[in-house]
Amino acid sequence: MSEERTIELLIGPQHPSSGHMRLYAEVDGDIVVRLRPNIGYVHRTVEKLAETKKYIQIIPLVERPSLADTANHNLGYVLALEKLLGIEAPPRAQYLRTILAEMNRIHSHFYGLGIHGIMLGSSTIFMWGFADREIMIEMAQRLTGARLTYSYIIPGGVRRDLPQGFEDEMEKALRYIERRLKDYGKLFLRNPVTRARLEGVGVLKKEDAIKLGIVGPNLRASGVPYDVRKVQPYCAYPELEFDVAVREEGDSMARVLVRVEEIRQSMRIIRQVLKQIPDGPILSENYLKMIPPKWKEFVEKKGRIKFPAIMANLRPPKGEAFSRVEAARGELVYYIVSDGSVTPYRLRMVTPSFRNVVLFEHLIQGCRVADIPAIYGSLDYFPPEADR
Amino acid sequence: MVCGMNGVTLIGNLEESARKAVQWLVNKTPIRGIRDWGIAFSLWPVHFTTACCGAEFAATSAPRFDVERMGFLPFVAPRQTNLMLIEGTLTRKMAKAAVWVYEQMPDPKFVVAMGACAIDGGIFWNSYNIVRPKDILPVEIYIPGCPPRPEAVARAIIMLQKRIRRGEAVGLKF
């Protein structure tokens with residue numbers, strides 16, 4: 001008579017971390033034999049809804065799946081749309097897009113760090129991560145007027161110019177974050193408890209990472225220097241100097257350290273952007289000439305775009321366009337098929353979180369139950385982004 | 001049931017009568033005021049994240065906005081909580097879990113719907129996979145916004161506290 005050795009442990013969808021998903025863990029004693037993620041709790045049919053909305057209305061829609069990383073989603077969609085429309089943003093707008101994308105990367109990584117802290121049972125890191133995230137959110141609010149959902153990047157340019165005194169404020173904010181990152185090193189990254197829980201846990205080998213199609217910091221922590229900003233540069237990235245954060249270990253600690261290093265690189269990019277940013281218009285000449293003369297004065301004086309009427313009914317020619325950007329969680333792909341009408345025929349978004357969800361099953365196999373949150377947090381998985 | 005003490009004989013269901021007497025007493029002025037004061041300043045939401053508004057919900061309990069000073073502390077287990085925040089869109093799959101978690105919470109319990117999606121669908125109003133929270137749960141307060149700012153969430157908590165202390169909250173009637 002054979003005896004059942006394993007029991008099934010259900011974690012979620014109501015659990016003390018980021019929520020939105022359920023994990024079926026098959027445990028034998030304290031060892032996880034198999035773990036199956038049950039996704040789809042936040043499937044809100046973004047792709048299908050995009051077929052019913054006009055092109056300009058899709059900008060807020062594609063931001064919603066990834067609320068922690070809205071600027072990069074916005075950017076990815078607009079880049080694909082611009083390819084369809086055959087227009088290009090002026091250089092100043094390209095730089096402004098870059099700065100917002102990097103600011104968003106910083107606060108998204110702090111978000112991930114905070115959530116990871118709460119999964120490890122370290123409330124201090126949750127509090128610190130979320131407090132320091134607010135610095136960048138506040139700066140983004142000065143630039144765009146919104147806390148998280150910016151809708152800042154529009155076809156042909158951006159919505160607003162840099163506000164007065166933004167450079168000085170940003171320098172202050174960056175210096176503050178630099179100082180704080182040293183404290184993070186002391187309190188969290190070099191803390192013996194953190195190291196004991198993260199080092200050597202959930203090791204992702206280089207070959208496996210490539211075979212499974214992992215993207216973003218999770219891939220770079222396994223020693224693959226793949227970054228879309230370097231491989232296929234977009235916006236102002238070709239003119240900027242930055243390093244791709246890579247680590248060889250591939251464990252949970254490496255994934256956290258890669259994110260912290262990326263925060264440093266993003267700060268470096270922001271400093272360069274603010275130094276090199278060229279003067280000029282922030283909206284493509286094609287659209288700028290369509291703004292009525294009365295509003296044009298306002299646009300030039302205030303540095304805020306009044307949408308030309310054509311934006312309401314953008315009709316890209318028949319065809320398809322594809323764009324990819326490096327979002328905070330990895331490579332993000334947008335694919336739009338247009339049939340010449342005011343709504344897209346099909347919009348496909350391949351989100352980094354969805355490509356990383358396979359890691360749950362792969363990494364947690366053979367680990368202890370207490371390692372589940374340690375690995376889960378280190379993946380920086382954002383369920384609404386995966387489920388769309 | 002017949003019960004006698006000190007020469008007085010009581011007839012009827014003693015347990016039932018005692019329960020009614022306690023309920024009557026608790027709903028009388030001094031005790032009721034104290035009870036509602038206690039409930040108002042110990043609103044512990046269950047850590048149940050339904051959609052993307054959870055990012056702003058987390059920011060609400062983080063240092064900058066710090067709603068813990070109002071006695072609002074997100075907690076893990078539904079059995080020890082009395083407030084449920086529907087954070088944004090409620091999908092069909094999540095709605096089952098939401099009702100499940102709500103049923104596990106002890107009385108009195110309150111529901112706050114956060115975000116435009118929780119009011120009437122918001123940007124996802126024509127999606128095939130969403131549920132309006134008002135159809136499945138007794139919602140106390142709606143917070144508009146997409147996503148609502150943390151200040152709005154803090155304000156909703158203060159409004160809920162006022163409603164509880166005035167005895168108007170739906171959750172108190174059960």
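Visitor: Where in chain A does Leu35(A) sit?

Guide: Helices and strands here are DSSP runs, numbered from the N terminus (helices are H or I with at least four residues, strands are E with at least two). Leu35(A) belongs to strand β3 of chain A, residues 31-38. This is a predicted model, where local features need pLDDT of at least 70 and side-chain atom pairs count only at pLDDT 80 or more, while totals for chains, interfaces and linings use all residues. Residues are numbered from 1 along each chain as its sequence is written, chains are lettered from A and ligands numbered from 1 in the order in which they are written, and side-chain values use heavy atoms, leaving out hydrogens and water.

Visitor: Is Leu35(A) buried or exposed?

Guide: Relative accessible area decides that: buried means under 20%, exposed over 50%, and partly exposed lies in between (1.4 Å probe, protein chains only). Leu35(A) has a value of 0%, so it is buried.

Visitor: Which residues is Leu35(A) in contact with, leaving aside neighbours within four places in sequence?

Guide: A contact means heavy atoms within 4.5 Å. For Leu35(A), the partners are Leu23(A), Tyr24(A), Ala25(A), Phe360(A), Glu361(A), Ile364(A) and Ile372(A).

Visitor: Let's step back to the whole chain. How many helices and strands does chain A have?

Guide: Chain A has 17 helices and eight strands. Its radius of gyration is 22 Å, close to the 21 Å that the globule rule gives for 388 residues, so chain A is as compact as a globular protein of that length. The radius is taken over C-alpha atoms, and the rule is 2.2 Å times the number of residues to the power 0.38. Buried residues make up 61% of chain A.

Visitor: What does the radius of gyration say about chain B?

Guide: Start with its elements: chain B holds seven helices and seven strands. The radius of gyration of chain B is 20 Å, well over the 16 Å from the globule rule for 174 residues, so chain B is more spread out than a compact globule. Along the principal axes, its C-alpha trace spans about 70 × 35 × 25 Å. In chain B, 47% of the residues count as buried.

Visitor: Which domains is chain B divided into?

Guide: Domain bounds come from an automatic or database domain assignment. That gives domain 1 (4-36) and domain 2 (42-172) in chain B. The C-alpha centres of these two domains lie 34 Å apart.
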